[in-house]
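Okay, thanks for coming, everyone.

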Amino acid sequence: MKITCIQENLARGLRVVNRAVPSRATLPITQNILIEAEDARVKLSATDLELSITTWVGAQIEATGAITLPARTLIDTISSFDMGRVELEVTDEPYGAHIQTTTQSGSGPATIDTDLRGAPKDDFPPFPEVSPKHRVRVDSGILRNALDRTVFAAATDDARPVLTGVKMEVEGDKATFAAADGFRLSIESAQLMDAAEEGFDALIPARALRELTALMSGTVSPVEIMVSETGGEAMFRIGDDIEMITQLIAGTYPDYKSLVPENSDTTMTIPLEGVAQVARSMNVIAREGSAIVRLVGSDLEGQGRLTLSANAEDLGNSEGSLDIDIEGEEGKIAFNVRFLTDLVQHSQGGSSNPVETDGDGTPGAEKLVLSITTPSSPAVFRHSSHPGFTHVVMPMYVQW
């Protein structure tokens, strides 16, 4: 195999697939990147046996072939070169790759030669073949926004493996994503580019969707989502250059829809920007104490008021308030402050569905709508500009 690539393109492609290279591996070969020369492009691939990423880089192919090279050393080597052309050729004794680049220095051209030991393609684990039974397409910006408002709520420990996944349900021209960790639940829907031929669902590892979000950064290409006939794998194709395959999680996801309270005694409409600022301030004190932030909504002579407070016994206390619209009785509830700051952070941003307007054709100021019953009952947050978004948070028990 002998190829010539633009350094910048090759380095970018290696960084893309490096997201699937495990930092620790029971199978050492998975810490390599597979490089294959085919037609007028170079195919780069990496896997940790659960997640696999492939991308293609334009190149001049002088001889086809394949090799695997250590990911970290290869990326550091290519990234150390100045912009220019990189030539990579497979060598037999020792088996590996000779990498050469020519760069400009103050005294003229400088040639850099590097030899890396490698391993043959046959030693690399085969990638799963996804024969899709279901496939849908979604705008990358819309999908990124939907995932940002859900994936953060998935569990990060393996005590209940199904909760480390995100439930995707496709029906018609809409995909609904739901994530929960036992203390909070986040639901958002995304508008598809075309209606699905039939409904389906999949339980996707949250880690895979985090990587997908990173891979979509900066792209405007649509994303094609495919689920295999066996239901064991899903493939995400971003444009024509990137593919990601992930193993799906086996198991039954909780009936999350039944966890959303239908009724409430108090409804508060809260400016998102204002509560975000106050929540950040409360976090400073709350994180030093019991991590509790208290919320009290009341009607003061026709003007709704939300007061947030936090206390650290040996440090001090903090209190903030802002004007709101309130319907119903006075309401009070307490949350883990991290849940509140996570919520306001991930609630901001673009839409996954058509944006509701104030009536003059322009989007209104973003607002959170908080519905509560008692201080010991789950609270429900919705978003004024994202009709498909619902966030349920379990309260913390405090002395009022």
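**Starting in the sheet**

Residues are numbered from 1 along each chain as its sequence is written, and side-chain values use heavy atoms, with hydrogens and water left out.

A few words on terms. Helices (H or I, at least four residues) and strands (E, at least two) are DSSP runs, numbered from the N terminus. Two strands pair if DSSP finds at least two bridges between them.

So what is the strand order in the open sheet? There are eight strands, E6-E2-E3-E4-E17-E16-E15-E10, with antiparallel pairing. From one strand to the next, the twist averages 20°. For angles, axes are lines fitted to C-alpha atoms, for helices over the stretch in contact, and the values run from 0 to 180 degrees between N-to-C directions.

**Helices on the sheet**

Helix H2 (residues 71-80) lies across E2 and E6, at about 95° to E6. Helix H4 (residues 206-216) packs on the sheet too, touching strand E4 (51-58), strand E15 (223-228), E16 and E17, and its direction makes about 175° with that of E17. Touching, or contact, means heavy atoms within 4.5 Å.

Which residues of H4 are buried? They are Ala206, Ala208, Leu209, Glu211, Leu212, Leu215 and Met216. Buried means under 20% relative accessible area, exposed is over 50%, and partly exposed is in between (1.4 Å probe, protein chains only). Just after H4, Gly218 has a positive phi of about 85°.

**A serine in E4**

Ser52 is found in strand E4. Why does Ser52 count as buried? Because its relative accessibility is 4%. Its side chain makes a polar contact of 2.9 Å with that of Thr47. By polar contact I mean a pair of N or O atoms within 3.5 Å; within protein, one must be able to donate a hydrogen and the other to accept it, and residues adjacent in sequence count only if both atoms are side-chain atoms. Leaving out residues up to four places away in sequence, Ser52 touches several others, including Ala20, Phe127 and Met244.

**Over to E13**

Strand E13 (residues 184-191) is mostly covered, with seven of its eight residues buried. Strand E12 (residues 174-180) pairs with E13 in the antiparallel sense over seven bridges, and Ala178 stands opposite Ile187 in E13. E13 is also joined to strand E25 (residues 386-393) by four bridges, again antiparallel, with Ser186 opposite His391.

**How confident is the model?**

The mean pLDDT of the protein chain is 92, and 95% of its residues reach 70 or more; pLDDT is the predictor's confidence in each residue, from 0 to 100. Over residues 355-362 the pLDDT is below 50, and this stretch has 11 contacts in the model beyond near neighbours in sequence. Where pLDDT is low, the predicted coordinates should not be read in detail.

Conventions
This is a predicted model: local features need pLDDT of at least 70, side-chain atom pairs count only at pLDDT 80 or more; totals for chains, interfaces and linings use all residues.
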